[in-house]
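Student: I would like a close look at one part of this model. Please take me through it step by step.

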Amino acid sequence: MAKATITFEDINVTVTVPAGTRVIEVSEKVGSAITYGCREGDCGTCIMKITDGWNNLSEPSVLEDKVLRENMAGKHNRLACQAQVLGGKISVKPV
Amino acid sequence: MNAVELENAAGTPKAVALTKRVHWIGALDSNLRTFDIILKTANGTTYNAYVIRGSEGVAVIDTVKEGFASDFFARFESVANYSEIKVIVLNHLEPDHTGALPELMRRAPQAQLFISQKAQSMLKGLLKQEELRFTPVLTGNSVSLGDRTLQFLHTPYLHWPDTQCTFSPEEQILFSGDVFGCHFCDNRLFNDKVGDFRFSFEYYYSYIMRPFKSYVLSALELIEPLTISMIAPAHGPILRDRPQRYIQRYRQRSSPSLHSELSENQKTLLIFYISSYGNTRRMAEAIYNGAMQVADVRVSLYDLEGGEVAPFVDLIEEADGIILGTPTINGDAVKPIWDLLSSLAVVNLKTKLGGVFGSYGWTGEGVRMVEDRLRGLKLRVPISGLRVKLIPTDEEILECEAFGLELAKELMGLRGAREINFEDL
């Protein structure tokens, strides 16, 4: 199975994951401070900053784009409950 | 005259003038005793709404709880006609301020509705009207009523994501929404006329604004430079006598108090425990000893049995990390731990470090349950909880020390990079 890595900068932890894993599936288990609300892409609580590997993530859905806009998310911000790592390396941190 | 005249001779509610151009058109709810489940009020509350008249139309700022709509409309009608309404502003979408909105928009279909950027999805959720037209606004946006202007201040999370303030520079009035408000009902309306409401002001801050201190400080950056003669909040007295005092009080209460004792590099770590036979206490002491080995960590050890919850909540609010020790009794963590954890919703815990430990006799679920709760409270819990069956051995005491040491290192960012496989999580 294709692998990818997610680095959580706030706790200095890198996790090797199967390609296609959503950030939410990992971040709580390793204790990163990315926090979650609804967990279904609606509330904007889990906005995170992608510091590296932006292009290795799945494209945001129309709904995610809308939530990011409504929450005035900055450049290279994504919802951790929605974003999937498709391969390669990404680095993230809480906003 | 002490009382504000709230009714005309026919007993119809009427508007109350703040200035020649600005009127209060809200409602008094003297029977309310519990607000939003979490707040008590000993004499009710007010739902404050306002109307401001410019040379080119009037604006209505906020409405009232649905059951009080008739008072709101009667008061409005005593100072303006619906056809004159050019603008409706909602500073906050909670139902106690939007209850009369659908009917108001029906009566004034020409009015343009202004809400904050973050209010958009909430408005649909609250009013269930897909076709409602509105204009989302941010700091820097304004709307003109001719010789009066309304400027919008983006002040989110005070106390919902959608909250904003609206300022009239010509009137020097800040329509602040729930900020600077309180649940206090007195028909004299103005802070220089009503009874002593200071406790209500403080209490409201403690339960409504306190979890959002960093957002309060950001909002104050926008509010403090304004020339304000009067604060017109959405609940409680209108603050026309020395309004700056209330702004200063918000700054005071939102600024950390403990930092002055610490050097910039130091971090605080609190260990709370409760113990029936001394086993969890021995673990706590060993964890304390371990954490003390890391420079610049200010470690404190507290027995929950020896204190009230409220001061512990104050301590936790300003700490960088907390470690909780609980035995497991009948398959659960013990009540004093849950009492503490259920009292933390009034403070911001986001990104604080958490850890859990405890001795157990049979099953030891308590530690995992408290870990889950800490994650739910948005703490990071990077090191798995430590459990010891009954009396800790010398070896287990060393494990406790190592646990404290690692948590203290984590707090100071000294643990170094780690690599983990997904399957091992």
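Student: Which residue of β24(B) is the bridge partner of Val15(A)?

Tutor: Ile420(B) is the bridge partner of Val15(A). Keep in mind that this is a predicted model.

Now widen the view to the interface. On chain A, 21 residues are in contact with 20 residues of chain B. Two elements of chain A, β2 (13–18) and α1 (24–30), each give two or more residues to this side. β2(A) gives the largest share, 6 residues. By type, the chain A side holds 10 nonpolar, 8 polar and 3 charged residues.

Next, turn to another strand of chain B. Gly321(B), Ile323(B) and Gly325(B) point one way. Ile322(B) and Leu324(B) point the other way. Why the two sets? In a regular strand, side chains alternate between the two faces of the sheet. Here the residues pointing either way are all buried.

β19(B) also has strand partners. One is β17(B), residues 267–273, which pairs with β19(B) in the parallel sense over 5 bridges. There, Leu270(B) stands opposite Ile322(B). Another is β22(B), residues 353–360, which runs parallel to β19(B) and is joined to it by 5 bridges. In that pairing, Gly325(B) stands opposite Phe357(B).

Methods:
Residues numbered from 1 in each chain as written. Chains lettered and ligands numbered in written order. Predicted model: local features only at pLDDT ≥ 70, side-chain atom pairs only at ≥ 80, totals over all residues. Contact = placed C-beta atoms within 7 Å. Helix = DSSP H or I, 4+ residues; strand = E, 2+ residues; numbered from the N terminus. Nonpolar A, V, L, I, M, F, W, Y, C, P; charged D, E, K, R; others polar. Pairing = 2+ DSSP bridges. Buried ≥ 20, exposed ≤ 12 C-beta atoms within 10 Å, placed from the backbone.
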